Amino acid sequence: MDQLTWLDKLLFRLEAQRACLGWAVGEIAGRPGVVFELGLGHGRTYDHLRKHLPDRDIYVFDREVDCIADCTPPDDRLVMGDIVDTLPSMAQRFRGKVVLAHADMGTYDDTENLTRGAVLSRNLPALLAPGAIVLSDLLPLYLDGATPLPLPAGARQGRYFIYKTGRTPAARTRSLAAPSRPQRNDASSRPSR
């Protein structure tokens, strides 16, 4: 039986999210490209990204705006609608230009999570720059040309997932402290909201 409470699961997911975002910010430093925040939610992660990546264009995708008032993205960077429609619609404009994609789209519904994961797996690869980083609270993601990476120190396995597309000649992945690779979610590691 799973001994973790929903509060434990939320805490571990947020710790992993922050550790992964910190690692990713360092990983993309000095590299051109835009950032995609897939799922606005309350806007906390968007706020974190814009403070740590002040010179990056950050495009935020969601079905609705229901966030903390000062965490609302500008209209020209807010892509409204279902990810099934909005992500493919950006393919021509952003093909090969996304250096970081952060997907925080997990729900309490396993079937919906699989559907969202499939949409991301199908549509993200064409948008990603060489050496791009994808962070996700959904698994499995099957991204053509991307490799799962271990989580950084401070992130518990199974709470977040990192992928990286093929290396760029000038950049190499910074060392991550955790030696193991991401594993499939089980009942105890599903995203918590």
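Visitor: Which residue in β2 does leucine 38 stand opposite?

Guide: Leucine 38 stands opposite phenylalanine 61 in β2. This is a predicted model, where local features need pLDDT of at least 70, side-chain atom pairs count only at pLDDT 80 or more, and totals for chains, interfaces and linings use all residues. Residues are numbered from 1 along each chain as its sequence is written, and side-chain values use heavy atoms, leaving out hydrogens and water.

Visitor: In what sense do β1 and β2 pair?

Guide: Two strands pair if DSSP finds at least two bridges between them. Strands are DSSP runs of E, at least two residues long, numbered from the N terminus; helices are runs of H or I, at least four. Strand β1 (residues 34-38) pairs with β2 (residues 58-62) in the parallel sense, over four bridges. β1 also pairs with β4 (residues 98-103) in the parallel sense, over five bridges. There, glutamate 37 stands opposite histidine 102.

Visitor: Are the faces of β1 covered or uncovered?

Guide: In a regular strand the side chains alternate between the two faces of the sheet. Here both faces are covered. Val34, Phe36 and Leu38 are buried on one side, Val35 and Glu37 on the other. Buried means under 20% relative accessible area (1.4 Å probe, protein chains only).

Visitor: At what angle do α1 and α2 pack?

Guide: Axes are lines fitted to C-alpha atoms over the stretch in contact, and angles run from 0 to 180 degrees between N-to-C directions. Helix α1 (residues 6-28) packs against α2 (residues 44-52) at about 25 degrees, with axes 11 Å apart. That makes α1 roughly parallel to α2, a term for angles under 35 degrees.

Terms used: Parallel < 35°, antiparallel > 145°, perpendicular 65-115°, else oblique. Buried < 20%, exposed > 50% of the residue type's maximum accessible area, 1.4 Å probe, protein only.
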